[in-house]
Amino acid sequence: MFSAIARIIRTPDLRRKIGFTLAIIALYRLGSNVPAPFVDFPNVETCLAASAGTEGLLGLVNLFSGGALLKLSIFALGVMPYITATIIVQLLRVVIPHFESLHKEGQAGQAKLTQYTRYLTIALALLQSTTLVTVARSGQLFGSASDPSCQALLTNDVWWAQLLMIFALTAGTGLIMWFAELVTERGIGNGMSLLIFTSIAATFPAAMWAIWEAKGFEVFLMVLIVGIIVMALVVFVEQSQRRIPVQYAKRMVGRRTYGGTNTYIPLKVNMAGVIPIIFASSLLYIPMLIAQFNTPTDGSAPPEWVTWISQNFTTGDSPLYMLVYFLLIIGFTYFYVAITFNPVEVADNMKKYGGFIPGIRAGRPTAEYLDYVLTRITFPGSLYIGLIALIPLIALSTVQANQNFPFGGASILIIVGVGLETVKQIDAQLQQRHYEGLLR
């Protein structure tokens, strides 16, 4: 591995790409620590020190922003508006025929969909920044924090100051999107994925240090060992796939013969990635939001149903919360895989180019077979995602970790997935230059 790193350094083009990527990442992390206009940063730091963070959707957004959300920095929204816009555009392909036709047009259609995604990202950033400024102004950003400084996070709450904060946060999201596209074009790997990777990796030291302070070195070492085992298992499952053999018949085009090759369709065990976790966290945040708005502010006792929601859906250490969370992830895994992989379309494309699965007739029987195999492998994949997502909640109730626990949930899936993909791209770059690859 060290010799491969030395070859990377000796390759000028690859060295420039990696250096450019690291420079963009450094700028991104710098912006994550620059406070937005009219933010009382000493009060924010005091609240951060006294609070373990937020749960549910806000905790997930804070994780994806590398802790910038609760710091109210100019990059507070992080990559979440872009992720949401990408998911919405992908789901709209099922509803709007024009989007599906653009998806099938190739590079020109993909460029148009990317443009729609950018516009939707800015619109969502404008909406989310308005919500964030409103929550910060009301003093509810850190929940029911008792520190008076958590109620005075802004130095100026007049309308023009709030408007300037909203514009600054929206511009920060646009800048992040530009950074990601620059990395994709001139750097190495997928820009947006690498920025998400950086945001999550930046929370690892603080999360591990909090466990050390709360439980001591023995528990810290145990968590580290368990984390390495979980990471190895996640790498194993993420690399697992069901390969469906496909043969292409020979055909004559002019004087040339095409086809006659054997290949396969790789179906990953985890085809949905972290999307089911995002969907489930978003849905479970709704009861928490309803209970928060129905809690009396005059100190009187809340209604019984509000108390029940607060006891079972506010923190992740409730058994009912874990059960509902697990079942939602399983359901959303099937939902997202059904949307993103169309067996009928794959079967039609195979039939068009003379491909067939040995022992299966082309056309409808092929589509039914693909659907059968996909349903079979999605079930263990959904259980795998659900169990990985429960790791932070179990850690929350056992070692007093927060929802940003590094070895579980969306964080470990993204870290492993992006890490593997980036290493493969670097290996491909080395192979193109006739060097021995990074992976042996």
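Predicted model: local features only at pLDDT ≥ 70, side-chain atom pairs only at ≥ 80, totals over all residues.
Local features need pLDDT of at least 70 and side-chain atom pairs count only at pLDDT 80 or more, whereas totals for chains, interfaces and linings use all residues. Side-chain values use heavy atoms, with hydrogens and water left out, and residues are numbered from 1 along each chain as its sequence is written.

Helix α14 spans residues 304–313, and its buried residues (under 20% relative accessible area, 1.4 Å probe, protein chains only) are Val306, Ile309, Asn312 and Phe313. Seen down the axis of α14, these residues fall within an arc of 145 degrees, taken from the directions from the helix axis to the C-beta atoms, so they line one face of the helix. On the other side of α14, Glu304 and Gln311 are exposed (over 50%). The cover over the buried residues of α14 includes α13 (275–293) and α15 (319–340).

The axes of α13 and α15, which are lines fitted to C-alpha atoms over the stretch in contact, come within 8 Å and cross at roughly 130 degrees; the two helices are therefore oblique to each other, being neither under 35, over 145 nor 65 to 115 degrees. Residues of α13 including Ile275, Phe279 and Leu283 meet residues of α15 including Tyr321, Leu328 and Phe332, where contact means heavy atoms within 4.5 Å. By class, this contact of α13 with α15 has 15 nonpolar, 2 polar and no charged residues.

Glutamine 162 lies in helix α9 (residues 159–186) and counts as buried at 17% relative accessibility. Leaving aside its neighbours within four places in sequence, glutamine 162 is in contact with Val133, Arg137 and Asp157.

How values were computed:
Helix = DSSP H or I, 4+ residues; strand = E, 2+ residues; numbered from the N terminus. Axes fitted to C-alpha atoms, helices over the stretch in contact; angles between N-to-C directions. Nonpolar A, V, L, I, M, F, W, Y, C, P; charged D, E, K, R; others polar.
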